[in-house]
Each structure stands twice: as C-alpha cells, then as structure tokens.
Amino acid sequence: MIFSTILFYVLALVLVVAAFRVITATSPVTGVLHLILTFFTASMLWMLQGAEFLSLLLVLVYVGAVMVLFLFVVMMLDVRMDALRAGLKTYLPLGLTIGLIMVLEMAFVLAKSWMGAGPAAVIADDVDNTRALGVAMYTDYVFAVQVGGVILLVGMIAAIALTLRKRADVKRTIPSEQIRVRPQDRLRMVSIPSQTEAPAAADADQAQGEKQ
C-alpha cells in the first residue's frame with residue numbers, strides 16, 4: 001500500500017507539472033509533447049486505481065489523437081513544416097526525456113500489478129465494467145456527458161472557423177463553376193497562316209552571329 005501511495009503522488013506531480021507546461025509553453029511542439037505526457041500520466045493513474053478500461057481508452061483515443069490536434073495547431077498558426085523539420089534536433093532531447101518518463105511510469109505501474117502490492121479486489125464473474133460505466137454515464141451523469149459533448153462541438157466549430165480564413169496564396173477549387181463550364185470555353189481553335197523567314201533577314205542574322 002505504501003508503494004501504491006508513493007507512486008500515486010509521484011504520478012500526480014508529473015501530471016500537474018506537464019499540464020502546467022502545456023499552457024505555458026511558447027512553442028506548439030513543446031506544448032504537444034507535454035500534452036502527450038499529461039494524457040499518458042492520467043492513464044497510468046487510472047490503471048493504478050483499477051480502471052483498466054478507462055486507462056486504455058485514454059491512451060488509444062486521446063494520445064492517438066494528439067497528432068491530429070498537432071495538425072490543427074499547424075494549420076491555425078500557419079507554421080511552416082520546413083521550419084519544424086529544421087528544428088528537429090532542438091526538440092529531440094525533450095521528446096526523448098518525455099518518452100523515457102512515460103516508459104518509467106508504465107514500468108512502475110505494471111511492476112506494482114505484478115508484485116501484487118495490497119489486497120486484490122474481488123470482482124464477480126457476472127460484473128461487466130464497461131456496461132456499468134455506460135449505465136452510470138447515461139443515467140446518473142447524463143447532464144455532464146451532454147455538456148462535454150457541446151463543449152467538444154464548440155471547439156470543433158472554432159477550429160474549423162479559424163482554418164477558413166481567406167488567403168491569397170492558396171489555389172481553391174470551385175465545383176459550381178466547374179459544372180457550369182462549356183466545351184467551347186475550354187478549347188478554342190485559331191487559324192494562324194504559315195510564315196517563312198525572308199532570306200535577307202536570315203543572312204543578316206547569320207552575319208550578326210559570326211561577328212559576335
């Protein structure tokens with residue numbers, strides 16, 4: 001039990017520090033790396049409390065979607081990918097450090113589970129944790145779920161609105177104009193009479209070339 005308590009407070013400290021760095025980082029890359037660490041640490045806390053389903057769901061959904069969020073940030077801030085590739089060596093030590101912390105967190109949590117610290121929880125065979133979670137979300141906490149859905153919808157609309165600003169250096173396709181186009185507007189036949197170079201002009205050009 002002492003090991004579990006110490007591990008809980010260590011993970012909680014890492015979670016708070018990483019979350020603070022997310023909102024104080026001046027670089028979007030640094031903020032995204034700390035956001036990954038925040039989600040992963042929260043997942044380890046849930047696994048430490050015995051909520052394996054929520055823990056794996058957080059890793060698969062949120063940590064996996066961080067890359068998509070990073071793409072949204074790049075689009076909204078108009079960050080050039082060439083500059084990001086050039087700064088790879090700058091962010092590499094931070095990325096390796098965060099990856100090492102994530103590996104150590106998982107190792108400590110799994111070691112606690114394998115060593116069997118503390119009394120094991122007794123779970124009946126007919127209990128479905130996923131079903132119990134769904135019943136609790138859509139009965140006792142249905143208002144909170146609906147509020148969370150509205151907040152996510154507002155955030156999605158805001159991200160789309162920020163990326164739809166007008167830019168002069170972008171080529172856009174207008175399907176309505178493409179549908180209304182006529183064949184005669186695409187191809188125009190022009191009759192051009194054949195032309196031949198006069199001998200005198202050709203001799204003059206040759207003489208000018210020899211002088212040069």
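The questions and answers below concern a predicted model.

Q: How many helices and how many strands are there in the protein?
A: Read along the sequence, the pattern is α-α-α-α-α-α-α-α-α-α. The count is therefore 10 helices and 0 strands.

Q: What share of the residues in the protein is buried?
A: A residue is buried when its relative accessible area is under 20%. The protein has 212 residues, and the buried share of them is 18%.

Q: What part of the accessible surface of the protein belongs to carbon and sulfur atoms?
A: The accessible surface of the protein comes to about 16,600 Å². Carbon and sulfur atoms hold 68% of this surface.

Q: Which residues are in contact with L11, leaving aside its neighbours within four places in sequence?
A: L11 is buried in α1, as are S4, L7 and A18. Contact requires heavy atoms within 4.5 Å. With neighbours within four places in sequence left aside, the partners of L11 are T41, M44, L45, L48, E105 and V109.

Q: What is the distance between the end C-alpha atoms of helix α1, and what span should its residues give?
A: Helix α1 covers residues 2-24, which is 23 residues. At 1.5 Å a residue these should span 33 Å, and the distance between the end C-alpha atoms agrees, at 33 Å.

Q: Is H34 buried or exposed?
A: H34 lies in helix α2 (residues 28-48). Apart from neighbours within four places in sequence, H34 is in contact with A18, R21, V22, L94 and I98. The relative accessibility of H34 is 10%, and because the limit is under 20%, H34 counts as buried.

Q: Which residues form the nonpolar patch on the surface that includes F53?
A: F53 is in helix α3 (residues 52-77). F53 counts as partly exposed because its relative accessibility is 36%. Together the residues of the patch have about 590 Å² of accessible area, and they are F53, L56, L57, L60, V61 and Y62.

Q: Is V103 buried or exposed?
A: V103 is found in helix α5. Its relative accessibility is 53%, and because the limit is over 50%, V103 counts as exposed.

Q: How far apart in space are V103 and F40, C-alpha to C-alpha?
A: In sequence, V103 and F40 are 63 residues apart. In space, C-alpha to C-alpha, the distance between V103 and F40 is 10.0 Å.

Technical notes: Residues numbered from 1 in each chain as written. Predicted model: local features only at pLDDT ≥ 70, side-chain atom pairs only at ≥ 80, totals over all residues. Heavy atoms only, no water. Helix = DSSP H or I, 4+ residues; strand = E, 2+ residues; numbered from the N terminus. Buried < 20%, exposed > 50% of the residue type's maximum accessible area, 1.4 Å probe, protein only. Expected span 1.5 Å × (residues − 1). Patch = residues over 30% accessible without salt bridge, like charges linked within 9 Å, V, L, I, M, F, W, Y side chains within 5 Å. Areas by Shrake-Rupley, 256 points an atom, 1.4 Å probe, with all protein chains shown as cover. Salt bridge = Lys/Arg side-chain N within 4 Å of Asp/Glu carboxyl O.
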